[in-house]
Each structure stands twice: as structure tokens, then as C-alpha cells.
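Have a go at each task before you read its solution.

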Amino acid sequence: MPRSRMNGNFIDKTFSIVANILLRIIPTTSGEKEAFTYYRDGMSAQSEGNYAEALQNYYEAMRLEIDPYDRSFILYNIGLIHTSNGEHTKALEYYFRALERNPFLPQAFNNMAVICHYPGGNRPFDREILQLRRLEAAQYWK
């Protein structure tokens, strides 16, 4: 049984039902549907704090998903997990990768700034990397 059907949260169940209906109605390939199912299951596991399972689902979604915009959200969520686990260098890498695919992801910039100003993580090179990535992304915003 997919993880999304096991979740006891009313809002998550409602989201899962609506998402399943949309997947049937919207013309998408079976690969896109499968990628979304893994992504949805990853979000469910992440919300429950089961990060290992969430990462497995996100990695599988990344393997199947071809759309760069959708991949950016998967990468962003992987970055969130690494941030929660205190793996800030890995988190920054995933936020960078998300921004390469979608420069209009302000929450990734915000999380990168938080990491750079985190006590013990206030390393000068992090701020320089953050500034460089902001400049790179700014070219898409013009």
C-alpha cells in the first residue's frame, strides 16, 4: 500500500485523494505519474520525520522526473532534510541544484542564508557562494 494511504492526517488524506483524481484526469505519462507518487510519498514521510524513507522516495522521484521545474522542488526538499539533519554543506549543494533548475525559488535562498548565519556555520566561503549564486540567478530575473 502506498505511504500516502497509510497517513492518518485528514489534510494529507484529502490531498492524496485530490492528487489521485488529478493524476487520472490530467494527461500525463505513466513515468510522470510514478514520479509524482514517489514525490508525494516522500513529502508524507518527511512530514512524519522519517527522513530516510523520504530521501529514498525523493531519489526515486528524481530518477523518474524529467521536468526541471518539478525536479527543483524535489531537490529543495532533499536540501530541507539535510538541513534538518545538520548536514549544511550537503543542504547548500541541493539548494544550489534546485536554483539551477528554478531560479524563482526564494525559499531556497532563504534557507541558504539561514545556514550561512547559523552559529558555527558562519563561514566566509558560504556567504561568498551564496552571493555568487544570487548573482547567477539574478540574470534569469531580468
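Among contacts in the protein (heavy atoms within 4.5 Å) between residues at least 6 apart in sequence, 46% join residues at least 24 apart. Before we dig in, the ground rules: this is a predicted model, where local features need pLDDT of at least 70, side-chain atom pairs count only at pLDDT 80 or more, and totals for chains, interfaces and linings use all residues. Residues are numbered from 1 along each chain as its sequence is written, and side-chain values use heavy atoms, with hydrogens and water left out.

**Exercise 1.** Work out how many helices and strands the protein has, and what share of its residues is buried.

*Solution.* 
- Step one: go for secondary structure, taking helices (H or I, at least four residues) and strands (E, at least two) as DSSP runs numbered from the N terminus.
- Step two: sort residues by relative accessible area, with buried under 20%, exposed over 50% and partly exposed in between (1.4 Å probe, protein chains only). Of the 142 residues, 38% count as buried.

## Rings

**Exercise 2.** Count the aromatic pairs, then classify Y39 with Y58 and Y69 with F73.

*Solution.* 
- Rings of Phe, Tyr and Trp (its six-membered ring) pair if their centres lie within 6.5 Å; planes under 30 degrees apart are stacked, over 60 edge-to-face, and the rest tilted. The structure holds 3 such pairs.
- Step two: take Y39 and Y58, which sit 5.9 Å centre to centre with 45° between the planes, a tilted pair. Y39 is in helix α3 (residues 30–47) and Y58 in helix α4 (residues 51–64), so the pair ties together parts 19 residues apart in sequence. Y39 counts as buried because its relative accessibility is 17%, and Y58 does too, at 0%.
- Step three: turn to Y69 and F73. Their ring centres are 5.1 Å apart and the planes meet at 75°, so this pair is edge-to-face. Both residues belong to helix α5 (residues 68–84), 4 residues apart, or about one turn of the helix. Y69 is partly exposed at 46%, and F73 is partly exposed at 22%.

## Two buried residues

**Exercise 3.** Is N111 buried or exposed, and what does N111 touch?

*Solution.* 
- Step one: locate N111 in helix α7 (residues 106–116). Its relative accessibility is 15%, so N111 counts as buried.
- Step two: list the neighbours. Not counting residues up to four places away in sequence, N111 touches Y76, L80 and Y95.
- Step three: check for a polar contact, meaning a pair of N or O atoms within 3.5 Å; within protein, one must be able to donate a hydrogen and the other to accept it, and residues adjacent in sequence count only if both atoms are side-chain atoms. The side chains of N111 and Y76 make one, at 3.1 Å.

**Exercise 4.** Which residues does L99 contact, leaving aside neighbours within four places in sequence?

*Solution.* 
- Step one: find L99 in helix α6, where it is buried at 6% relative accessible area.
- Step two: read off the contacts, which are L105, A108, F109 and M112.
- Step three: compare sequence with space. L99 and F73 are 26 residues apart in sequence and 9.4 Å apart, C-alpha to C-alpha.
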